[in-house]
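Please read them with the coordinates open.

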Amino acid sequence: MTDIIIVGAGTAGMSAAIYGLRAGKSVLVFEAAAYGGQIINTPDIENYPGIAHVSGFDFATGLYNQMMDLGAELKFERVTSVEDAGDKKIVRTASNEYEAKAVILATGAKNRPLGLEREQEMIGSGVSYCATCDGMFFRRKDVVVNGGGNTALEDAAFLANYCNKVYLVHRRDAFRGDAAAVKELESKENVEFVLNATVTKILGEKKVEGVEVTDKLTGETRVIEAQGLFVAIGQMPENQAFADLVDLDAGGYIAAGEDCLTRTSGIYTAGDCRTKTVRQLTTAAADGAVAALAAAAGIK
Ligand SMILES: Cc1cc2nc3c(=O)[nH]c(=O)nc-3n(C[C@H](O)[C@H](O)[C@H](O)COP(=O)(O)OP(=O)(O)OC[C@H]3O[C@@H](n4cnc5c(N)ncnc54)[C@H](O)[C@@H]3O)c2cc1C
C-alpha cells in the first residue's frame with residue numbers, strides 16, 4: 001500500500017509529493033492530462049518569490065524533476081473515485097484500483113465556458129481561454145474578449161498590443177477588475193467596451209468569423225465581426241467525483257481551511273481546488289507542503 005496518493009500533478013500536487021517524499025513516505029501521483037497543470041502554457045511567471053522570470057513549462061519541469069529525483073511514482077490516469085475504508089483509502093481510475101493510507105486531492109481548476117453552441121468544437125478555430133497562450137495567432141486581427149474581471153481586463157490589454165481591434169464584452173455596466181486596468185484600457189484607441197451585453201452566438205462555419213452580442217437592457221442584437229473569441233469568465237473546479245467524501249462549497253470547491261484537512265480523516269486537499277481567496281502558484285505550493293506534512297504526520 002502506498003503511503004500517500006496525490007490526485008493531480010499541478011503545482012500543488014507536485015509540491016505535496018516533494019514534501020511527502022522528504023518526510024520519508026512513499027508517494028504515488030495521478031495526472032489526467034500533462035504534468036504541470038494550468039501554468040504550463042504561460043510564457044512568463046514574474047511573481048513567484050525568488051524567481052524573477054521563468055516560463056510555466058520550465059517551472060513545471062523543475063517541480064517534476066525534483067519530485068521524480070526524490071522517488072515519486074507518476075501515473076497518467078484520471079482518478080474517478082476515492083473510497084474511505086477507514087485506515088485504507090481506495091483510489092479508482094478507469095482501469096485500476098490502488099490503496100493508500102492518505103490521499104491529497106489537488107485537482108486544480110479549469111476555465112469556465114460560456115456554454116454557447118459549438119463553443120467546444122471551435123476551440124483552436126478562433127475560440128480560446130488563454131490570451132497569453134493563443135494571442136499571437138490573432139496578430140493584426142479583430143478579437144472579442146468576454147468577461148469583466150482582472151483576467152478579462154489583462155487579456156484585453158495584452159491583445160490590444162498587437163490585434164487590430166479588441167472588443168471587450170461584459171454583462172454588467174461596470175467591471176469587477178482593477179480600476180487602474182480599466183483606465184489603461186480606456187486610453188487605448190483600438191479597444192471598444194461593449195457593456196450590459198452578452199455573447200449569444202458564435203458566427204462562422206469552420207472558424208470564428210464573428211459573434212452575435214445581445215444587449216441585456218434592450219434585447220437588441222449586434223454582430224461583431226472578429227476572428228477570435230477569448231473567454232475570460234472565471235474558472236471552475238471539477239470535484240464532483242469526490243462529493244461523497246468531502247464537502248463542496250457553492251462553487252464546487254473542496255471545503256478546507258489553511259490546514260488543508262477535509263471532513264474525512266486521511267483525505268486532504270491542496271491548491272486551486274480548495275475553498276480559498278488567492279489562487280496562485282505560491283498558495284498552491286504552500287498548500288501542497290501543508291497537506292503533505294499533515295498526511296505524513298497522520299500515517300502510523
Ligand atoms: C493562463 C494562466 C496564467 C497564470 N499565471 C500565473 C502566474 O503568473 N503566477 C501565479 O502565481 N499563478 C498563475 N496562474 C494561476 C496558477 O496557474 C494556479 O494557481 C496553479 O496552477 C494552481 O495549481 P494547482 O496544482 O492547484 O492546480 P492545476 O495547475 O490546475 O493542476 C491540477 C492538475 O490536476 C489534474 N487533475 C484534475 N483532476 C484530476 C483527476 N480526477 N485525476 C487526475 N488528475 C487530475 C489536472 O489535469 C491538472 O494537471 C495562472 C493561471 C492561468 C490559467
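Predicted model: local features only at pLDDT ≥ 70, side-chain atom pairs only at ≥ 80, totals over all residues.

1. Val211 has Ile224, in strand β14, as its bridge partner. The strands concerned are β13 (residues 210–215) and β14, which pair in the antiparallel sense over five bridges.

2. The sheet around that pair is an open one of three strands, in the order β12-β13-β14, and its pairing is antiparallel. At the edges stand β12 (197–203) and β14 (221–225); each has a single partner strand, so one side of each is left without a neighbour in the sheet. On average, neighbouring strands of this sheet are turned by 30° against each other, direction ignored.

3. A second open sheet has five strands, ordered β8-β15-β9-β10-β11, with parallel pairing. Its edge strands are β8 (127–128) and β11, each of which pairs on one side only. Helix α4 packs on this sheet and touches β9, β10, β11 and β15 (228–231). The direction of α4 makes about 170° with that of β10.

4. How many of the five residues of strand β10 are buried? Four are, so β10 (residues 165–169) is largely enclosed by the rest of the structure. The cut-off behind this count is a relative accessible area under 20%.

5. The pairing of β10 can be followed on both of its partners. With strand β9 (residues 142–146), β10 pairs in the parallel sense over five bridges, and Val144 has Tyr167 of β10 as its bridge partner. With strand β11 (residues 191–194), β10 pairs in the parallel sense over four bridges; here Val166 stands opposite Val191 of β11.

6. β9, helix α4 (residues 150–160) and β10 make a right-handed β-α-β unit. A right-handed β-α-β unit is also made by β10, helix α5 (residues 179–186) and β11.

7. Asn146 deserves a look, being a residue of strand β9. Is its side of the account buried or exposed? Asn146 is buried, at a relative accessible area of 6%. Leaving out residues up to four places away in sequence, Asn146 touches Leu114, Val169, Val199, Leu229, Phe230, Val231, Ala232 and Ile233.

8. Asn196 sits in the loop between β11 and β12. Its relative accessibility is 19%, and because the buried class runs to under 20%, Asn196 counts as buried. With residues up to four places away in sequence not counted, the contacts of Asn196 are His170, Arg171, Arg172, Asp173, Thr214, Asp215, Lys216 and Leu217. The C-alpha atoms of Asn196 and Met122 are separated by 25 Å, and these residues are 74 apart along the chain.

9. Most residues other than glycine have a negative phi. Arg118 has a positive phi, near 70°, and lies in the loop between β7 (110–111) and β8. Cys260 also has a positive phi, near 65°, and is found in the loop between β16 (235–236) and β17 (267–269).

10. What is the relative accessible area of Arg118? The value is 25%, and Arg118 is therefore partly exposed. Cys260, at 0% relative accessibility, counts as buried.

11. Which helices cross at roughly 40°? They are α1 (residues 11–22) and α6 (residues 281–298), whose axes come within 7 Å. The crossing of α1 past α6 is right-handed. On the α1 side, the contact is made by Thr11, Ala12, Ser15, Ala16, Tyr19 and Gly20. On the α6 side, the residues are Leu281, Ala284, Ala285, Gly288, Ala289, Ala292 and Leu293.

12. Last, the domains. The domain assignment of the chain gives domain 1 as 2–110 + 235–298, and domain 2 as 127–231. Taken over C-alpha atoms, the centres of domain 1 and domain 2 are separated by 33 Å.

Conventions. Residues numbered from 1 in each chain as written. Heavy atoms only, no water. Buried < 20%, exposed > 50% of the residue type's maximum accessible area, 1.4 Å probe, protein only. Helix = DSSP H or I, 4+ residues; strand = E, 2+ residues; numbered from the N terminus. Pairing = 2+ DSSP bridges. Right-handed = clockwise from strand over helix to strand, strands pointing away. Contact = heavy atoms within 4.5 Å. Axes fitted to C-alpha atoms, helices over the stretch in contact; angles between N-to-C directions. Domains from an automatic or database assignment. Left-handed = near helix turned anticlockwise from the far one by under 90°.
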